[in-house]
Structures are given as structure tokens and as C-alpha cells.
Amino acid sequence: MPFNFDRMVDEIADAIAERALEKINQRIHEGMRDGSTKGNGRHSSALRSRKLDMHCRYPGCKNRSKGPRFRYLCEEHLKLPKAKVKAAIEKAKGSAS
């Protein structure tokens with residue numbers, strides 16, 4: 001009875017491929033149940049759902065700011081010199097504490 005090496009390798013490769021396919025399907029279905037992945041398989045970001053405080057940081061201003069890229073200042077206060085804005089914010093922080 002001769003030993004058939006090619007047949008043994010093919011059986012092992014088929015077993016590995018079948019097991020890998022089961023694992024892939026299992027992970028896809030787990031992701032769909034958890035809702036942790038989007039339709040394209042990517043995970044959703046924890047930062048996406050956070051709510052930022054978007055008011056202008058200049059003391060006494062009620063306008064909406066332009067966001068973190070513009071130091072949370074509204075269009076009106078972005079035009080002021082940076083030193084003046086920084087001094088006003090520091091003064092407001094000092095009196096609030």
C-alpha cells in the first residue's frame with residue numbers, strides 16, 4: 001500500500017479552508033448582531049456620536065462657534081488679535097473659579 005502524499009496535503013488544505021470559511025462567517029454574523037460594524041464591515045467610531053459644546057468661548061458671547069479648528073470662537077471674535085482673546089478667556093476662567 002503506497003503512501004499518497006499529495007492526497008494527504010489536499011485533505012489538510014480542504015480542512016483548513018473549510019475551518020477558515022466557518023470562522024469568517026461566524027465573525028460576520030457576530031458583527032451584524034452587535035451592530036458594531038457598518039455595512040462595509042468597518043467599525044463605527046466612538047468619537048462620531050459625541051456632542052461638542054459649540055458655544056463661542058469669548059466671555060459673554062452667545063454666538064455659535066466655528067468648532068475646535070478655530071479655537072471654539074465665532075466669526076466675530078476670530079477677527080480679534082489672538083493675545084486679546086487669550087487674555088479675555090483667561091480672565092473669565094479666573095473669575096469663574
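Q: In which helix does Val 9 have its place?
A: This is a predicted model, where local features need pLDDT of at least 70, side-chain atom pairs count only at pLDDT 80 or more, and totals for chains, interfaces and linings use all residues. Residues are numbered from 1 along each chain as its sequence is written, and side-chain values use heavy atoms, leaving out hydrogens and water. Helices here are DSSP runs (H or I, at least four residues), numbered from the N terminus. Val 9 falls within residues 5-34, and that is helix α1.

Q: Is Val 9 buried, partly exposed or exposed?
A: Buried means under 20% relative accessible area, exposed over 50%, and partly exposed in between (1.4 Å probe, protein chains only). Val 9 comes out at 36%, so the label is partly exposed.

Q: How many of the 97 residues of the protein chain, in percent, count as buried?
A: The chain has three helices and zero strands, in the order α-α-α. With that buried label applied to the 97 residues, the share is 14%.

Q: Which ring does Arg 57 lie over?
A: A charge sits over a ring if NZ of Lys or CZ of Arg is within 6 Å of the ring centre and within 35 degrees of the ring normal. Arg 57 is 4.2 Å from the ring centre, over the face of Tyr 72.

Q: Where does the charged end of Lys 66 sit?
A: Lys 66 also gives a charge over a ring. The distance to the ring centre is 4.5 Å, and the ring belongs to Phe 70.

Definitions and conventions. Helices (H or I, at least four residues) and strands (E, at least two) are DSSP runs, numbered from the N terminus.
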